[in-house]
Amino acid sequence: MIRVRSWKNILKILSAIPIALIINIDSFLSAAGSVDMNVSRYFMSFFVGEVTYGDTKTIVYAMENLTFVFLFIILFGNSITEKMEFVPAYYFTRIRNRGRWFISESLKLVCSAFIYDLLYCVVILIISVIITGRQIESELFSTFMCIFLVSAALMIIMTLLVNIFTLNVGTTFAFIIACLIILVLCICAILCQNDKAAFLNPLSYMHDNDTKIDFLGVGILYDYIIVAIICIIGYRVMEEKDI
Amino acid sequence: MHILEVAGINKSHKGKILLRDINAVFEGGRVYGITGKNGAGKTVLFKVLTGLMLHDSGTVLYDGADIKKSESDIGLLIDDVSFYPEFSGFKNLMLLAGIRNKIDKTDVMRAMERVGLNPNDKTLFWKYSLGMKQRLVLAQAIMEQPDFLFLDEPTNSIDETGVDLFYQIVREEAERGAVVLISSHIKSDINNLTDEVYLMHDNTLTKAGENNID
């Protein structure tokens with residue numbers, strides 16, 4: 001029985017591969033044989049766009065490239081809270097500490113997000129290598145890690161938020177609220193128009209100074225701190241939720 | 001002997017008092033009846049006692065331990081039959097059994113047979129009749145041989161044969177040493193089954209006596 005549900009989750013995670021191929025197919029086809037950039041930059045172009053703040057070019061995640069993130073949220077958006085929908089009374093008389101249960105379910109979600117994201121990024125990377133036809137350069141590792149970590153953080157933050165809000169307002173409204181929160185953070189960062197405000201924006205992590213891309217390691221750390229805070233909030237919400 | 005001690009329980013929601021100063025001690029091997037009008041707070045009381053709802057003040061101790069720290073098995077039957085519709089009854093029970101991992105497939109099958117359901121029946125849960133659903137809920141409540149058994153309006157949708165079977169199961173559970181609490185507004189349930197009766201009225205619990213409800 002539990003195996004049945006595990007298989008469902010594995011299939012959801014593996015869907016990253018066809019998703020990567022299907023949603024980017026037009027880019028692959030139009031770019032074949034006509035790309036004049038290194039693997040790292042071409043790989044990044046599948047995720048990010050460039051925004052200029054004064055003299056600084058900041059690379060931000062482009063909403064139109066985040067389909068795979070939203071698909072993850074749709075696939076896993078009620079993965080934790082579906083237990084509140086079916087058999088809640090009989091499930092939670094067997095689980096006394098609901099807060100601890102939420103944390104363990106969140107960790108499973110984090111693992112799923114990492115594997116899904118890794119699969120997606122690896123597929124894009126392989127295609128980037130094939131299409132550019134170039135050698136893999138030294139900066140590719142840091143580019144890959146940055147994109148991978150930020151995408152995973154975004155998926156985890158959004159999915160946890162959707163799961164938590166679902167408890168009170170239902171899945172659809174929860175999804176809208178989670179999107180609005182990210183949007184508000186982005187707008188705050190844009191209105192502030194300075195480097196430090198970029199930390200507010202979960203979609204912005206890199207400065208491009210033409211010759212080299214600097215990654216905002218602190219920004220990535222900030223995202224994972226948000227993940228930890230959301231887990232603590234979820235812990236409290238689950239502990240105090242009446243069933 | 002198992003013992004459930006309830007002291008000074010209060011519960012309110014959005015300014016409305018749901019439970020007021022509930023005090024009682026329930027001992028293993030006995031069947032306790034809780035009766036009262038609809039809306040008197042019987043279901044809320046069961047949810048608070050089983051930890052599904054938080055109480056504002058007071059203590060609930062299972063064999064001396066707070067519910068969150070207690071390892072005691074609790075069986076609950078309430079008016080909630082929302083199992084996974086796409087699975088059979090047996091698969092639904094296996095999912096629940098997997099949470100605490102204390103029983104195996106054989107125990108789940110035995111519990112289903114005790115309530116008169118066929119564990120090999122592949123019928124999906126959404127195709128179950130109301131009576132079958134109620135029997136499945138009872139099976140999940142008793143399958144782990146819980147030390148504490150809470151049954152809220154247990155015979156509501158069961159036919160006459162089912163009611164006899166249910167009475168027999170309740171007696172067997174009490175003989176095994178479990179603390180059994182039954183809430184019902186059906187007088188025959190209370191008269192036929194319980195050793196002690198409590199009355200839930202205006203969100204408070206008072207002892208009505210030794211099985212003499214008229």
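This is a predicted model: local features need pLDDT of at least 70, side-chain atom pairs count only at pLDDT 80 or more; totals for chains, interfaces and linings use all residues.
**Entry 1: helices 9 and 11 of chain A**

I began with helix 9 (residues 140-169) and helix 11 (residues 217-240) of chain A. Their axes come within 10 Å and cross at roughly 20 degrees. Angles under 35 degrees count as roughly parallel, so helix 9 of chain A is roughly parallel to helix 11 of chain A. I noted the hand of this crossing as left-handed.

Next I listed who touches whom. Helix 9 of chain A brings A:Cys146, A:Leu149, A:Val150, A:Ala153, A:Ile156, A:Ile157, A:Leu160, A:Leu161, A:Ile164 and A:Leu167. From helix 11 of chain A the contact takes residues including A:Ile220, A:Asp223, A:Tyr224, A:Ile230, A:Gly234 and A:Val237. I sorted the contact of helix 9 with helix 11 of chain A by class: 18 residues are nonpolar, one is polar and one is charged.

**Entry 2: helices 8 and 11 of chain A**

I stayed with helix 11 of chain A and turned to helix 8 (residues 98-132) of chain A. These two pack at an angle of about 140 degrees, and their axes are 7 Å apart. Helix 8 and helix 11 of chain A are therefore oblique to each other. Their crossing is right-handed.

Which residues of helix 8 of chain A meet helix 11 of chain A? I found A:Arg98, A:Gly99, A:Phe102, A:Ile103 and A:Ser106. Facing them in helix 11 of chain A are A:Cys231, A:Gly234, A:Tyr235, A:Met238 and A:Glu239. By class, this contact of helix 8 with helix 11 of chain A has five nonpolar, three polar and two charged residues.

**Entry 3: helices 2 and 5 of chain A**

I then looked up helix 2 (residues 16-23) and helix 5 (residues 67-76) of chain A. They pack at an angle of about 145 degrees, with axes 10 Å apart. I recorded a right-handed crossing for helix 2 and helix 5 of chain A. A:Ala16, A:Ile19, A:Ala20 and A:Ile23 make the contact from helix 2 of chain A. Helix 5 of chain A answers with A:Thr67, A:Phe68 and A:Leu71. The class count for helix 2 with helix 5 of chain A is six nonpolar, one polar and no charged residues.

**Entry 4: chain A against chain B**

I checked the contact between the chains. On chain A, 16 residues are in contact with 23 residues of chain B. Helix 7 (residues 88-92) of chain A gives the largest share of the chain A side, four residues. I classed the side of chain A that touches chain B as ten nonpolar, two polar and four charged residues.

**Entry 5: the sheet of chain B**

I moved to chain B and its strands. Strand 1 (residues 3-13) and strand 2 (residues 16-27) of chain B pair antiparallel over eight bridges. Within that pairing, B:Glu5 has B:Val25 as its bridge partner. B:Leu4 stands opposite B:Phe26 in strand 2 of chain B. The two strands form a hairpin with two residues between them. In the turn, B:Lys14 has a positive phi of about 50 degrees.

Strand 1 of chain B is also joined to strand 4 (residues 57-62) of chain B, by five bridges and running antiparallel. There B:Ala7 is bridged to B:Thr59.

**Entry 6: domains of chain B**

Last, I looked at the domain assignment. It gives chain B a domain 1 (1-72 + 149-158 + 176-214) and a domain 2 (80-146). Their centres, taken over C-alpha atoms, are separated by 24 Å. Eight residues of domain 1 of chain B are in contact with eight residues of domain 2 of chain B.

Notes. Residues are numbered from 1 along each chain as its sequence is written. Chains are lettered from A and ligands numbered from 1 in the order in which they are written. Axes are lines fitted to C-alpha atoms, for helices over the stretch in contact, and angles run from 0 to 180 degrees between N-to-C directions. A crossing is left-handed if the near helix is turned anticlockwise from the far one by less than a right angle, and right-handed if clockwise. Two residues are in contact if their C-beta atoms, placed from the backbone, lie within 7 Å. Ala, Val, Leu, Ile, Met, Phe, Trp, Tyr, Cys and Pro count as nonpolar, Asp, Glu, Lys and Arg as charged, and the others, Gly among them, as polar. Angles under 35 degrees count as roughly parallel, over 145 as roughly antiparallel, 65 to 115 as roughly perpendicular and the rest as oblique. Domain bounds come from an automatic or database domain assignment. Two strands pair if DSSP finds at least two bridges between them.
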